[in-house]
Amino acid sequence: AGAPSPRRHVGLDRVSGRAMDAIYVGGQQGWHLPLCGSGGGGQVYRDPLAIGTYFPTDFELYDMTGERVNLSQLVSVRKTVIAFFVVAVPASVLELKKLQDFAAEQVPQLQVFNVHANTIQADLTGGGPNRAVEDSIRTVALARKEHGLRNPTFVAPNDTMSPTGLSNRLGVRGVPTIFVLGADGKVQNIFIGPHNWKPGDL
């Protein structure tokens, strides 16, 4: 069988009413957002993080109250799973619930964080970065309540069109992208798109 044909999906931010674009590639690739840009110098893709490398913790991160948090302190000397998602892609939110239920049953001691990394649309339409974070927090709060998400959830500013934007720094190409980090802060495994969790994955 040939490769699946990409399909476009326009999600809607339920707080701001802004359209958010995504493309479905199919299979295990899942939903892909426009997480890279192109211009006169070509694409701004970076190679994905490699297994065995240290996961960067120096990017901006805000909790659900709008307070900035220090990720390095949260993941220090403890095995952690970080799941990047986007509310405008419902499939990625559903995967968070699957991950949450599996981890709670199989590895209850594991620390699992959700990170929404898609604030650029709000920033482009006015209000600046602070407004973008505030809108994202409100939207994420609705999704958490609707889907029964209990794991700590954060918002990370992400300029998808910049080579230094978070998604490009991490090599995120689709949502959810889930990083499994060891207690030493190194990447042990990466899962992209829908996944049927089984013992040993985490």
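Let me start with K198, which is partly exposed at a relative accessible area of 46%, where buried means under 20% relative accessible area, exposed means over 50%, and partly exposed lies in between, calculated with a 1.4 Å probe on protein chains only. The model is a predicted one, in which local features need pLDDT of at least 70 and side-chain atom pairs count only at pLDDT 80 or more, while totals for chains, interfaces and linings use all residues. Residues are numbered from 1 along each chain as its sequence is written, and side-chain values use heavy atoms, with hydrogens and water left out.

The side chain of K198 meets that of D201 in a salt bridge, at 3.3 Å from N to O, and by a salt bridge I mean a side-chain nitrogen of Lys or Arg within 4 Å of a carboxyl oxygen of Asp or Glu. D201 is buried, with a relative accessible area of 9%.

How many salt bridges does a search of the whole structure find? The search finds 5, and one of them joins the side chains of D58 and R169 at 2.8 Å, N to O. D58 sits in the loop between β5 (42–43) and α1 (71–75), whereas R169 belongs to helix α5 (residues 166–170), so this pair ties together parts that are 111 residues apart in sequence. Helices here are DSSP runs of H or I with at least four residues, strands are runs of E with at least two, and both are numbered from the N terminus. D58 counts as exposed, at 55% relative accessibility, while R169 counts as partly exposed, at 29%.

Another salt bridge is formed by the side chains of D135 and R138, at 2.4 Å from N to O. These two residues both lie in helix α4 (residues 128–147), 3 residues apart, which is about one turn of the helix. D135 is buried, with a relative accessible area of 1%, but R138 is partly exposed, at 40%.

Finally, let us turn to H116, which is found in strand β7 (residues 111–116) and is buried, with a relative accessible area of 3%. Which residues does H116 touch, not counting residues up to four places away in sequence? With contact meaning heavy atoms within 4.5 Å, H116 touches F85, V86, V87, S136, V140, F154, V155 and A156.
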